[in-house]
Amino acid sequence: MDNSTSNMSEKLLQYLDGGLAGVEKENIEQQLATDPSLQAELESLKETREALKLYGLKQKVSGIHQQMMTELQTPVKKTGLKRRIIRYSMAAAASIILIAGGIFLYSFLSVSPGKVFSSNYRSYELSTMRDGDTQQVSSVEKAYREKDYTKAIEAYTPNPSTTIKDNFLAAMSYIELGNSKDAIELFKKVLEQDELQKSNFLKDESEYYLALSYIRNKEPKTALELLRKIKDNPNHLYHEKITSKLIRQVKMLKWR
Amino acid sequence: MEVIRNLPDQELVENLQTGKRMDETIKAIYRNHFESLGWYIMNNSGTRQDAEDVFQEVVVTFIDLVQKNKFRGESTVKTFLYSLNRHAWLNELKKRGRALAREEKYEKGKEQAEPDAGHLIADREGRSEIMKLVGSLGETCKKILLLFYYENLSMKEILKSMHYENEQVVRNKKYKCLKQLEQMLNEKPHLKSTLKSLLNG
């Protein structure tokens, strides 16, 4: 770059910067009008100036950008986190509901009168007899002790003088034979007898097995009333047997 | 500092043109538009970092266009920013080679309804290369040039802040620095079109 071009360049820049006036300005404008290379140089200077302006602007925005990202990220992150927590909680709650629902549905569908009955039923065991007692044993009791329930029913003759014990054992035999209907009738009879004689003999047992028979006979509503009565009475012999699970299962049977 | 939230478009544009309350105005743009524009990118296979980078670019481009009187208020600021943002991101996706065909198709259908801002924000890569070149200038050069061409300070004002003997020294320094940058830019002929579009829009 010799001195004259350098001078020209400087003048051109001054012109671009708006630092020329009067004759100097007019001269350069005349030259620009006829000299394409000078035009190109002016164009190039303008581009350079433009690059600087953009750089300055970018620097300015960049400083604010960092600041704003911190400002906007905090609430955004917070709500994001909050939203995420809510979303996860919802998902967790939904899963729990789904699982619980599944468990409930499974137990609801799998619960059946037969299952509830058999998972709660234990055969009634008579106390062991001493040798001398043999002659007092009725034929019903004898057959029951031998676990010959058909024989026990055959030996059973219902009449007003039939003992509470025989009635009860006949009822138990019906249960063992799967005849809930007749078992129910006989348990009711035992309870009536107890009522009449102001006795409690085999009362608790009858109530419990009656409830189980109701379950098996698909009368969960009646069974439930009886079960609640037993559960509410802490002195009842079978109080401990009535679990919340049993109550729940019977409730489910009600809705089936 | 005052926090401007609901800045009417007209006032916002005026502030950017005159440089009045520049910081608060830029902040208002961030507060009002970053979330929805960023959301668009993050919902179109972008990360939050992508959203931030593109938004910064959008803001720079927008201010530049406003200052060159190229934003004429034919659409709202919001629509205009959205359009810049969308184009910048679609270009970026194309560059990354994973533009979604569905997205492109959808966008094509929308083209007429919005101002065509495509060319205004094109060539992010070229711009970023130019920014790097300017950034690589010596600190003194950068300072003088920015004070003069960006901050629009007079030679007298620059002289005060730079401790030079006299204005002529500053003027000479500024001339040399600008020439240096011009040469650096001219050494990269592929940046010519980017520079031209910067200048002429």
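Leu198(B) is buried, with a relative accessible area of 3%; buried means under 20% relative accessible area, exposed over 50%, and partly exposed in between (1.4 Å probe, protein chains only). The model is predicted, so local features need pLDDT of at least 70 and side-chain atom pairs count only at pLDDT 80 or more, while totals for chains, interfaces and linings use all residues. Residues are numbered from 1 along each chain as its sequence is written, chains are lettered from A in the order in which they are written, and side-chain values use heavy atoms, with hydrogens and water left out.

Leu198(B) is placed in helix α11 of chain B, residues 192-200. Helices here are DSSP runs (H or I, at least four residues), numbered from the N terminus. With residues up to four places away in sequence not counted, Leu198(B) touches Glu50(A), Ala51(A) and Leu54(A) in chain A, and Asp64(B), Lys68(B) and Arg127(B) in chain B. Contact means heavy atoms within 4.5 Å. Leu198(B) and Arg127(B) are 71 residues apart in sequence, and their C-alpha atoms are 8.7 Å apart in space.

Between them, chain A and chain B bury about 4,100 Å², of which 69% is on carbon and sulfur atoms. Buried area is the accessible area (1.4 Å probe) that two parts lose on being put together, summed over both.

The rule finds eight salt bridges across this interface, a salt bridge being a side-chain nitrogen of Lys or Arg within 4 Å of a carboxyl oxygen of Asp or Glu. A salt bridge joins the side chains of Lys196(B) and Glu47(A), at 3.1 Å from N to O.

In chain B, helix α1 (residues 9-18) has the buried residues Leu12(B), Val13(B), Asn15(B) and Leu16(B). These residues are on the same side of α1(B), because they cover an arc of only 160° around the axis; the arc is that of the directions from the helix axis to the C-beta atoms. An α-helix has 3.6 residues a turn, so residues three or four places apart point the same way. The buried residues of α1(B) pack against α2 (22-42), α3 (48-67) and α4 (77-96) of chain B. Gln10(B) and Thr18(B), on the other side of α1(B), are exposed. Just after the helix, Gly19(B) takes a positive phi of about 80°.

Positive phi values also occur in two loops of chain B. Asn69(B), although not a glycine, has a positive phi of about 60°. Asn69(B) is found in the loop between α3 and α4 of chain B and counts as partly exposed, at 42% relative accessibility. Asn152(B) is not a glycine either and has a positive phi of about 60°. Asn152(B) lies in the loop between α8 (139-150) and α9 (155-162) of chain B and, at 59% relative accessibility, counts as exposed.
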